[in-house]
Amino acid sequence: TLFGGMLVAPLVMPEVITGLALLVFFISLNQLFGWPADRGFTTITIAHITFSMAYVAVTIQARLTGMGTTLEEAAADLGAKPFKVLTAITIPRLTPALISGWLLAFTLSLDDVVIASFVSGPAGTTLPIALFSMLRLGLTPEVNALAALVVLGVGAMLGVALWLLGRRRA
């Protein structure tokens with residue numbers, strides 16, 4: 001219960017609190033162990049994994065709850081080794097939840113400015129921080145072009161997904 005509560009805590013915690021807590025954590029690690037030497041790519045990656053993990057865990061847990069264990073037990077009764085059951089039965093059944101968890105984590109990471117601004121140093125910047133910095137000065141053609149590229153990229157991914165679904169059904 002304690003682990004489950006700690007896992008979903010980032011879902012209800014404000015981003016400012018999460019960003020400040022991670023900043024204090026990284027500063028404490030630096031003072032105790034000398035790592036990370038500076039804030040940048042590593043700290044941003046750890047921070048994004050930390051707050052995205054809650055969303056992915058909830059998505060996968062919902063899929064696991066609805067799956068049941070009858071196929072895994074049947075495979076084990078027929079002599080399948082645990083690794084084979086995992087790779088041949090469990091992971092393929094979890095694939096939709098894994099993909100949706102990845103897409104949710106990617107979207108949340110792309111949207112995050114607050115946590116990234118706390119844990120990024122002068123060397124590290126993300127796309128949302130760069131956009132936020134550019135928008136402070138006013139709307140420029142670069143921001144419009146970048147927004148158009150993002151929309152085109154999402155549209156292309158949606159088109160590929162629809163094409164793959166069409167091929168799968170046919």
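Author: Helix α3, residues 41–67, and helix α5 have axes that come within 9 Å and cross at roughly 150 degrees. Keep in mind that this is a predicted model.

Reader: Are α3 and α5 roughly parallel or roughly antiparallel to each other?

Author: Angles over 145 degrees count as roughly antiparallel, and α3 and α5 are therefore roughly antiparallel.

Reader: And is the crossing of α3 and α5 left-handed or right-handed?

Author: The crossing of α3 and α5 is right-handed.

Reader: Switching to charges. How many salt bridges does a search of the whole structure find?

Author: The search finds one. R93 forms a salt bridge with E72, and the closest N and O atoms are 3.6 Å apart.

Reader: Which helices do R93 and E72 lie in?

Author: R93 lies in α5, which covers residues 82–111, and E72 lies in α4, residues 70–77. The pair therefore ties together parts that are 21 residues apart in sequence.

Reader: Is E72 buried or exposed?

Author: Buried counts as under 20% relative accessible area. E72 has 13% relative accessibility, so E72 counts as buried.

Reader: What about A88, how far is it from E72?

Author: A88 and E72 are 9.5 Å apart in space, C-alpha to C-alpha, and 16 residues apart in sequence. A88 has its place in helix α5. With a relative accessible area of 44%, A88 is partly exposed.

Reader: Now the surface. Which residues form the nonpolar patch?

Author: The nonpolar patch on the surface is formed by I99, W102, L103, F106, L110, L127, V150, V154 and M157. Together these residues have about 820 Å² of accessible area.

Reader: Which elements give two or more residues to the patch?

Author: Those elements are α5 and α8, the latter being residues 141–169. The largest share comes from α5, with five residues.

Reader: Pick one from α8. Where is V154, and what does it count as?

Author: V154 is in helix α8. V154 counts as partly exposed, at 48% relative accessibility.

Reader: And one from α5, say L110. What is its relative accessible area?

Author: The value for L110 is 37%, so L110 is partly exposed. L110 lies in helix α5.

Reader: How far apart are L110 and N30 in space?

Author: L110 and N30 are 27 Å apart, C-alpha to C-alpha. Along the sequence, L110 and N30 are 80 residues apart.

Reader: Where is P36 found?

Author: P36 is found in the loop between α2, residues 15–33, and α3.

Reader: While we are on α2, is L22 buried or exposed?

Author: L22 is found in helix α2. L22 counts as buried, at 10% relative accessibility.

Reader: How far is L22 from T50?

Author: The C-alpha atoms of L22 and T50 are separated by 9.2 Å. L22 and T50 are 28 residues apart along the chain.

Reader: Last one. Where does L64 lie, and how far is L64 from L149?

Author: L64 lies in helix α3, and L64 counts as partly exposed at 43% relative accessibility. L64 and L149 are 36 Å apart in space, C-alpha to C-alpha, and 85 residues apart in sequence.

How values were computed. Residues numbered from 1 in each chain as written. Predicted model: local features only at pLDDT ≥ 70, side-chain atom pairs only at ≥ 80, totals over all residues. Heavy atoms only, no water. Salt bridge = Lys/Arg side-chain N within 4 Å of Asp/Glu carboxyl O. Helix = DSSP H or I, 4+ residues; strand = E, 2+ residues; numbered from the N terminus. Buried < 20%, exposed > 50% of the residue type's maximum accessible area, 1.4 Å probe, protein only. Patch = residues over 30% accessible without salt bridge, like charges linked within 9 Å, V, L, I, M, F, W, Y side chains within 5 Å. Areas by Shrake-Rupley, 256 points an atom, 1.4 Å probe, with all protein chains shown as cover. Axes fitted to C-alpha atoms, helices over the stretch in contact; angles between N-to-C directions. Parallel < 35°, antiparallel > 145°, perpendicular 65-115°, else oblique. Left-handed = near helix turned anticlockwise from the far one by under 90°.
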